[in-house]
Amino acid sequence: MIASKALSHVRFCLASLVLLGTLPGAPGMANAAEGAGTLAPYFTPAARAPAKPDGDGFIRRWLILEPIAKPNRTNTVFTGSYVRKTLTAYPFPTQTSGLPRAGETVTVEGQTLAWHALDSSAFDVKLFNFAQSLSKTKYGVIFHVATVVDSPRDMEVRMAVGSNSTSMWWVNGAETAVLFNDRRMVMDDVVSRRITLKKGRNIIRGAVINGPGLSDYCVRFIDEAGRGITDLAVTTL
C-alpha cells in the first residue's frame with residue numbers, strides 16, 4: 001500500500017512538471033528556450049579577425065541594428081514609392097559616411113536601439129530570430145544592416161540579394177539593388193547591374209522592412225557566370 005501511494009505521488013509530480021513546462025522535453029520547455037534571450041544558434045558575436053564569405057559567396061558577418069517599429073498589418077503596402085520613402089527616412093545607415101560600431105546606440109522616435117556585430121550561422125541572416133532572441137518587436141519592423149568588404153583588387157561584379165520582405169541596398173553610398181512588393185526570401189532574387197568593388201574597403205548597407213511573418217535576407221557578389229565571389233575579407237570595423 002505504501003509503495004502504491006509513493007508511485008502515485010511520483011506520477012502526480014511528473015504530471016505537474018509537464019503541465020508547468022519544467023520537465024525536459026515538455027511543451028513549456030520549448031517556449032522557455034524560445035524567449036531565453038540568447039542569439040544562439042542563429043548568430044555568434046563577430047570576431048575582430050576578418051571573415052570570409054562562405055563557399056557560395058554569401059556574406060555572413062553584419063552589423064545589425066535592433067528593429068525599428070513600423071507597424072504594417074500587410075505586406076501589400078510595400079510599393080516602390082512607400083518603400084523608398086520609408087527606408088530612407090532616417091539619417092543612417094544609408095545617408096552618412098562611415099560605419100556604426102558594435103554597441104553604438106541611436107534613438108528613433110523615442111526608442112534607443114543598439115548595433116550588434118554578428119556572424120550568421122546560415123547563409124540567410126535571420127532577422128526575425130535576431131529580434132526574438134533580444135525580446136524585441138518581431139512584426140511590423142525595419143532593420144538596418146551594414147558591413148565592410150575588403151577586396152584584393154578592383155572587381156567587376158553584380159550584387160545578388162534575396163529578402164523577406166522588401167529591401168534596399170547600397171554599395172559605397174550608391175543604390176545598388178531594390179526589392180519591392182511582398183515577397184519571400186529567395187537567393188539571388190534580384191541581381192544588380194554590373195558594379196565595381198574597388199580595391200580595399202567597400203561599405204555595404206541595407207534596410208529591410210516587413211509586416212507580418214518572418215524576416216531574413218541573403219547577400220553575395222557574383223561574377224558574370226553567376227558564381228559567388230569568395231576571395232573577400234569581411235569585417236564590421
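A residue is counted as buried at under 20% relative accessible area, as exposed at over 50%, and as partly exposed in between (1.4 Å probe, protein chains only). Strands (E, at least two residues) are DSSP runs, numbered from the N terminus. The model is predicted, so that local features need pLDDT of at least 70 and side-chain atom pairs count only at pLDDT 80 or more, while totals for chains, interfaces and linings use all residues. Residues are numbered from 1 along each chain as its sequence is written, and side-chain values use heavy atoms, with hydrogens and water left out.

Of the 10 residues in strand S5 (residues 111-120), eight are buried. Strand S5 pairs with other strands, pairing being assigned if DSSP finds at least two bridges between two strands. Strand S1 (residues 43-45) runs antiparallel to S5 and is joined to S5 by three bridges, with Pro45 partnered by Leu118. Strand S2 (residues 61-65) is also antiparallel to S5, over five bridges, and Leu118 is the bridge partner of Trp62. Four bridges link strand S4 (residues 105-108) to S5 in the antiparallel sense; here Thr105 lies opposite Ala114. The hairpin of S4 and S5 has two residues between the strands, and Glu109 takes a positive phi near 50°.

Ser151 belongs to strand S7 (residues 141-151). Ser151 counts as buried because its relative accessibility is 6%. A polar contact is a pair of N or O atoms within 3.5 Å; within protein, one must be able to donate a hydrogen and the other to accept it, and residues adjacent in sequence count only if both atoms are side-chain atoms. The side chain of Ser151 lies 2.5 Å from the backbone oxygen of Arg153. With neighbours within four places in sequence set aside, Ser151 is in contact (heavy atoms within 4.5 Å) with Leu197, Lys198, Lys199, Gly200, Asn202 and Leu232.
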